[in-house]
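Me: Please walk me through reading a model, feature by feature.

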Amino acid sequence: MGSNMAEQHPVGFQWVIEAKERGATVVHVDPRYTRTSAMADVHVPLRGGTDIAFLGGVINHILTHDRQFTEYVRHYTNARVVIKPEFRDVDALDGLFSGWDGEGYDTSTWAYAGTEDRTGDVTGHQAQGAHGMRLEHGEPPEEDWSLEHPDCVFQILKRHFARYTPDLVERVCGVPRERLVQVAEILCRNSGRERTSAICYAVGWTQHTHGVQNIRAASIIQLLLGNIGRPGGGILALRGHANIQGSTDIPTLYDILPGYIPMPHPDSGDDLDAYVDLNGPDTGAWGSLKSYVVSLLCAWWGKPAFPYLPRIDGDHSHYPMMLRMIDGDTKGFIVIGQNPVVGSANSALQRQALANLEWLVVRDTNEIETAAFWYDSPEIEAGETRPAEIGTEVFFLPAAAHTEKEGTFTNTQRLLQWRFKAVEPPEDCRSDLWFANELGRRMRARLAGSSLARDRPLLELTWDYGPGEPSAEAILQEINGRHANGRFVSNYQELADDGSTRCGSWIHAGIYADGVNQSARKRPGGEQNWIASEWGWAWPGNRRILYNRASADPSGKPWSERKRYVWWDGSDWASLGDEPDFVNGPDHSPPEDAHGLDAIRGDAPFIMHPDGLGWLYAPQGLVDGPLPTHYEPHESPVGRWRANPTRQTFVRPENPYNAESRFPFVLSTYRLTEHHTAGGMSRSVGYLAELQPELFCEVGPELASERGLEHGGWATIVTARTAIEARVLVTDRVRPLVVDGRTVHQIGLPYHWGRRGLVTGDSANELLPLVLDLNVHISEYKVLTCDVLPGRRPRGAALAAFMEEYRR
């Protein structure tokens with residue numbers, strides 16, 4: 001679900017096909033019939049944006065028919081934990097959980113019974129206690145192992161998901177009830193002691209106003225069925241190369257430090273211990289947060305210089321940043337590895353933001369639309385700023401391609417693989433490392449001799465890469481970390497909070513263990529044995545399956561000899577080759593003063609949580625509820641159900657939203673195999689441009705007949721933001737659905753085109769609004785409403801007049 005794996009992750013899909021050839025059943029749940037659907041045993045079309053209702057129906061089927069893996073659930077999840085009696089579910093509060101004040105949630109009623117609340121009002125920028133509540137000895141205060149207590153998680157779960165009956169799922173999703181039951185039974189039959197099932201998703205799940213909760217719903221299914229931490233199970237976030245995974249691990253995000261360490265806020269002060277107390281529990285892997293932070297600070301400054309870290313004073317995610325450009329509050333912008341004019345929602349707003357800057361730096365292999373926005377806008381005559389009126393000074397710097405530099409790629413399973421430089425970059429092209437190094441060196445040179453306190457963090461930063469091209473391996477060594485005596489750190493458990501270790505990313509500690517680049521291991525044939533240590537390196541600790549302690553029962557015996565993976569041999573943990581999550585044996589009972597991993601019981605596999613349990617119910621960490629619930633997309637043709645009350649909206653003239661009655665159809669954007677993301681690297685390649693030369697829209701025969709659309713002809717797709725044109729592809733791959741008694745048509749639109757390259761065209765993202773999931777500030781790309789008309793869109797001033805009339 002949320003993925004067209006055959007087209008977007010074809011290398012990974014090889015293993016799906018090999019599994020199918022050996023008897024695996026492949027199910028694809030997606031609004032469109034795609035190449036993945038064609039290879040699946042079962043395809044289930046559903047209305048875009050209703051994934052939680054469908055997954056909720058699966059959960060309800062599991063619980064109603066007692067199909068859960070009870071021993072796994074009782075021992076390894078928080079099903080037995082009792083929640084505060086003040087908690088109220090959405091049924092009692094008209095789509096709202098307890099704690100709603102009209103603007104956000106006070107999450108204190110969501111917590112475990114008997115715990116002290118450390119979250120309070122959740123703003124979406126940082127939940128206090130970001131990585132888990134504080135629990136004495138790592139134990140929830142109140143538990144019911146019978147799972148019968150009315151306030152225990154298991155009973156709350158049953159009540160919450162009881163509403164997602166097959167009838168309701170059919171009304172909301174347009175999925176016939178028998179198809180829901182078919183999918184649920186396939187999962188149930190293929191789960192338990194002897195079998196496991198995997199769920200794969202991609203940005204088709206994340207790019208929603210409830211994207212995090214889509215994935216939470218999947219995690220509930222997998223925990224109930226015992227499919228986490230076991231071979232053949234799991235939830236796979238499908239990612240490409242040079243991808244989202246690597247950029248969040250190190251990261252390029254504004255609100256976290258390497259290894260998902262929360263950025264401090266101004267109210268953290270300069271007290272490191274207070275920050276650690278606020279953001280980390282005492283137990284589990286995050287119980288060593290201070291060691292991770294101190295080691296990071298020592299890698300950067302040679303000392304635990306916590307006051308040198310910047311503080312977050314607001315929402316500095318992508319879209320609020322672009323709006324601040326429009327408002328004149330952001331003066332400059334450096335763009336590396338993205339193309340917001342094509343790849344971000346509401347392209348006209350992106351261009352308007354760039355036009356209000358003093359300076360813009362774009363580094364890319366091609367002159368992309370973001371670099372050319374000032375003279376090559378498609379709508380200059382339709383009211384956008386003209387080139388002579390744009391004061392932005394644009395610097396375009398040529399970048400090296402990935403074949404022209406060395407470093408690592410991180411893939412879907414957190415596996416880092418070293419890539420070697422194939423050729424030297426041509427002419428003035430430079431690597432990202434060169435640019436970052438030179439920028440740092442020149443900024444430091446400009447500030448040399450400054451006595452201002454604000455300049456000390458930059459001047460004292462460890463920056464010893466020298467002029468020219470830095471060594472990527474030297475940077476990997478810094479990320480790995482060293483002890484005070486120079487010896488490389490072997491794993492994150494070696495990190496200390498006394499300044500004796502330095503490490504650029506605690507989750508990557510060990511990637512250069514023993515002085516060897518572990519990510520460069522590529523023994524021929526090693527990739528065939530996916531748990532073999534001879535191929536790449538997976539964080540953390542070269543572990544190929546997270547929480548692999550769950551592959552054995554509470555006593556340490558394999559659930560199944562056929563699927564044994566990690567087990568207790570009587571004196572130590574043994575495995576088929578993976579690194580076990582656990583050091584302590586299954587009988588380990590933590591002493592009262594235990595800390596970190598030692599405070600987790602020997603039969604609790606989920607070491608990243610302070611209680612060692614898989615969370616069917618999330619007592620903290622999310623801004624929109626402890627359990628997934630169906631909320632409509634922000635723009636929906638169905639007005640019966642509430643949209644996510646915590647969604648992040650921007651009511652501004654540059655960002656109008658659709659009125660329900662004017663825009664009756666559901667639109668979803670997607671990717672093609674032949675083009676790469678925003679098209680900057682593929683529209684300039686003749687072979688790929690020839691394979692997919694024009695933007696097109698997929699419509700069903702019924703909609704084509706209703707609106708007079710001709711196959712191969714032109715269509716104008718309209719939202720409140722603008723109108724674009726596309727070729728028409730009339731196809732049965734996009735089918736109308738009956739939703740709540742009415743027919744709903746869906747339209748598919750790839751987003752790769754723009755004004756530059758060998759093949760050009762309108763960008764689908766011109767149509768999209770800015771509306772975000774407040775948990776992660778990701779915009780809702782995958783579902784909105786639109787209208788579609790035959791013929792080409794108006795041009796120039798005629799388009800402005802057309803849109804003005806349409807908005808009225």
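**Reading the model**

Reply: Take serine 560. Leaving out residues up to four places away in sequence, serine 560 touches Arg193 and Glu194. Contact means heavy atoms within 4.5 Å. Serine 560 sits in the loop between strand E14 (537-538) and strand E15 (566-568). Helices (H or I, at least four residues) and strands (E, at least two) are DSSP runs, numbered from the N terminus.

Me: What kind of model is this, and how are residues numbered?

Reply: This is a predicted model, where local features need pLDDT of at least 70, side-chain atom pairs count only at pLDDT 80 or more, and totals for chains, interfaces and linings use all residues. Residues are numbered from 1 along each chain as its sequence is written, and side-chain values use heavy atoms, with hydrogens and water left out.

Me: Is serine 560 buried or exposed?

Reply: Start with the cut-offs. Buried means under 20% relative accessible area, exposed over 50%, partly exposed in between (1.4 Å probe, protein chains only). Serine 560 has a relative accessible area of 3%, so it is buried. Serine 3 is buried too, with 8%. Serine 3 lies in the segment before helix H1 (5-8). Its contacts, not counting residues up to four places away in sequence, include His28, Cys200 and Leu238.

Me: Which strand holds cysteine 697, and what does cysteine 697 contact?

Reply: Cysteine 697 is in strand E19 (residues 696-699). Its relative accessible area is 0%, so cysteine 697 is buried. Setting aside neighbours within four places in sequence, its contacts include Ala715, Val728 and Leu749.

Me: How do I read a helix with buried residues?

Reply: Ask where those residues point. In helix H7 (residues 166-173), Leu168, Val169, Val172 and Cys173 are buried. They cover an arc of only 105 degrees around the axis, so they lie on the same side of H7. The arc is that of the directions from the helix axis to the C-beta atoms. The cover over these buried residues includes helix H4 (51-64), helix H8 (177-189) and strand E22 (737-739). Glycine 174 follows H7, and its phi is positive, near 80 degrees.

Me: Where are cis peptide bonds found?

Reply: One joins isoleucine 250 and proline 251, with omega about -5 degrees. Proline 251 is in the loop between helix H11 (244-249) and strand E5 (256-257). Another joins tryptophan 539 and proline 540, with omega about -10 degrees. Proline 540 lies in the loop between E14 and E15.

Me: How do I judge the overall fold?

Reply: Compare the radius of gyration with the globule rule. The radius is taken over C-alpha atoms, and the rule is 2.2 Å times the number of residues to the power 0.38. With 808 residues, a compact globule would have a radius near 28 Å; the protein has 26 Å, which agrees. Buried residues make up 58% of the 808. The protein has 23 helices and 27 strands.
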